[in-house]
Amino acid sequence: MATATAQAPRRLHFPLPPLPYAADALAPVISAETLALHHGKHHRKYVDTMNQLLEKEPLDAQSLEDVVRRAKGKLFNNAAQAWNHHFYWHSLSPRSAEPTAAMRKRIERDFNTYEGFVDKFAAVADGQFGSGWAWLVEKDGRLEVLATANADTPMAHGVRCLLAIDVWEHAYYVDYRNQRERYVQALIEQRLNWEFAEQNLNGG
């Protein structure tokens, strides 16, 4: 009787996704120099290292999200950072905009006021000790703001991410030196992509 043979995990290779806008599109909040270094060097290094690790130890996964959820150790750190950065670029917009009426209603329901949300998001991003991320997420049917350290991401824990702010020093040091709070405030006031947030909230 013929026996089934186990199939080897599919070889995965992920390209560096392009920025969703021109390198100078976020200026003056984030300079073209910062984007060139952040996307072209840091983000690329995470993607390249992830691909090298996947070559050595193939993982049974179909997507980058699968890799993040299944990986551990060094592979998790690099895959999660690759995913976090791609999400971060889309969390930002060249156009200064306000939340839609529907999104603002959700924000006011869960943070009392839009200003309350802004204060909370800024405080969480500023208060993250060392390297990490600040997130607007939907958890158990409510909007929340939370921080993760280093490469960790709420997505890996089954939480729906809506927006992200990168608070690793390489995200802001060229433009703001050690003044993380100025960078965070400028992003919140001028560069958050509320259309992207609403798409994520609606499962897009």
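Predicted model: local features only at pLDDT ≥ 70, side-chain atom pairs only at ≥ 80, totals over all residues.
A residue counts as partly exposed when its relative accessible area lies between the buried range, under 20%, and the exposed range, over 50%.

**Helix α5**
- Spanning residues 114–127, α5 has 14 residues and reaches 20 Å from its first C-alpha to its last, close to the 20 Å expected at 1.5 Å a residue.
- Its buried residues are Y114, F117, V118, F121, A122, V124 and A125.
- Seen down the helix axis, these buried residues of α5 fall within an arc of 165 degrees, so they line one face.
- D119 and G127 are exposed on the other side of α5.
- Packing partners of the buried residues are α4, β1, β2, β3, α7 and α8.

**Where α4 meets α5**
- The two helices pack at an angle of about 70 degrees, with their axes 8 Å apart, and that makes α4 roughly perpendicular to α5.
- From α4, R104, I107, E108 and F111 meet Y114, E115, G116, F117 and K120 of α5.
- By class, this contact has 4 nonpolar, 1 polar and 4 charged residues.

**Backbone details to look at**
- Most residues other than glycine have a negative phi, and most peptide bonds are trans.
- R177, in the loop between α6 and α7, has a positive phi of about 55 degrees although it is not a glycine.
- N150, in the loop between β2 and β3, also has a positive phi of about 55 degrees without being a glycine.
- At 43% relative accessibility, N150 counts as partly exposed.
- The peptide bond from A27 to P28 is cis, with omega near 0 degrees, and P28 sits in the segment before α1.

Key. Residues numbered from 1 in each chain as written. Heavy atoms only, no water. Helix = DSSP H or I, 4+ residues; strand = E, 2+ residues; numbered from the N terminus. Expected span 1.5 Å × (residues − 1). Buried < 20%, exposed > 50% of the residue type's maximum accessible area, 1.4 Å probe, protein only. Arc of directions from axis to C-beta. Contact = heavy atoms within 4.5 Å. Axes fitted to C-alpha atoms, helices over the stretch in contact; angles between N-to-C directions. Parallel < 35°, antiparallel > 145°, perpendicular 65-115°, else oblique. Nonpolar A, V, L, I, M, F, W, Y, C, P; charged D, E, K, R; others polar.
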